Amino acid sequence: MVDIPRISDAEWEVMKVIWSKSPLTANEVIDALEGNTDWKPKTIRTLINRLVEKKALGVNQKGKFYSYYPLVAEEECLRAETQSFLKRLYGGAMKPFLVNFLREEKLSPEDIEELKSILNEKAK
């Protein structure tokens, strides 16, 4: 199993761009984030370099151009973040989280039906 690196909120924004389409150059990532953030290009390059150091991104060099691609799947990172969240806030227990969530969230009838369906599948 691959070790999933801890990714900061800012790094998640970079990863989402690269997960959506890769490989990408740093300039392509900068262009994609330009409308969503007020980050300077140097900040984005720093985030990319951190992700390479954390082994969340791989890099290919072609001449003087570098392209970046994910080394970890988005689903793996989401699963790891979910487990980390549950561990920090609920001691790793899913039930208290779900009870709290269901009590506090407004759910549409469609949401409720989908949750029932998921729970029924789990019960099998």
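## Lysine 55 and its loop

Lysine 55 counts as exposed, with a relative accessibility of 58%, where buried means under 20% relative accessible area, exposed over 50% and partly exposed in between, using a 1.4 Å probe and protein chains only. This residue sits in the loop between α3 and β2 (57-62), and, although lysine 55 is not a glycine, its phi is positive at about 65°. Most residues other than glycine have a negative phi, and most peptide bonds are trans.

## About the model

This is a predicted model, in which local features need pLDDT of at least 70 and side-chain atom pairs count only at pLDDT 80 or more, while totals for chains, interfaces and linings use all residues. Residues are numbered from 1 along each chain as its sequence is written, and side-chain values use heavy atoms, with hydrogens and water left out.

## Two crossing helices

Helices (H or I, at least four residues) and strands (E, at least two) are DSSP runs, numbered from the N terminus. The axes of helix α1 (residues 9-20) and helix α3 (residues 41-53) come within 10 Å and cross at roughly 90°; axes are lines fitted to C-alpha atoms, for helices over the stretch in contact, and angles run from 0 to 180 degrees between N-to-C directions. The helices α1 and α3 are therefore roughly perpendicular to each other, a description used for angles of 65 to 115 degrees, whereas those under 35 count as roughly parallel, those over 145 as roughly antiparallel and the rest as oblique.

In this contact (heavy atoms within 4.5 Å), Ala10, Glu11, Val14 and Met15 of α1 meet Leu47, Ile48, Arg50 and Leu51 of α3. The residues of the contact divide into 6 nonpolar, no polar and 2 charged, where Ala, Val, Leu, Ile, Met, Phe, Trp, Tyr, Cys and Pro count as nonpolar, Asp, Glu, Lys and Arg as charged, and the others, Gly among them, as polar.

## A cis bond and a buried serine

Serine 22 and proline 23 are joined by a cis peptide bond, with omega about 0°, and proline 23 belongs to the loop between α1 and β1 (24-25). Serine 67, in strand β3 (residues 65-70), is buried, with a relative accessible area of 17%. Leaving aside residues up to four places away in sequence, serine 67 touches Pro23, Leu24, Thr25, Gly58, Val59 and Asn60.

## An open helix

Of the 15 residues of α6, the number buried is 0, so this helix lies largely in the open.
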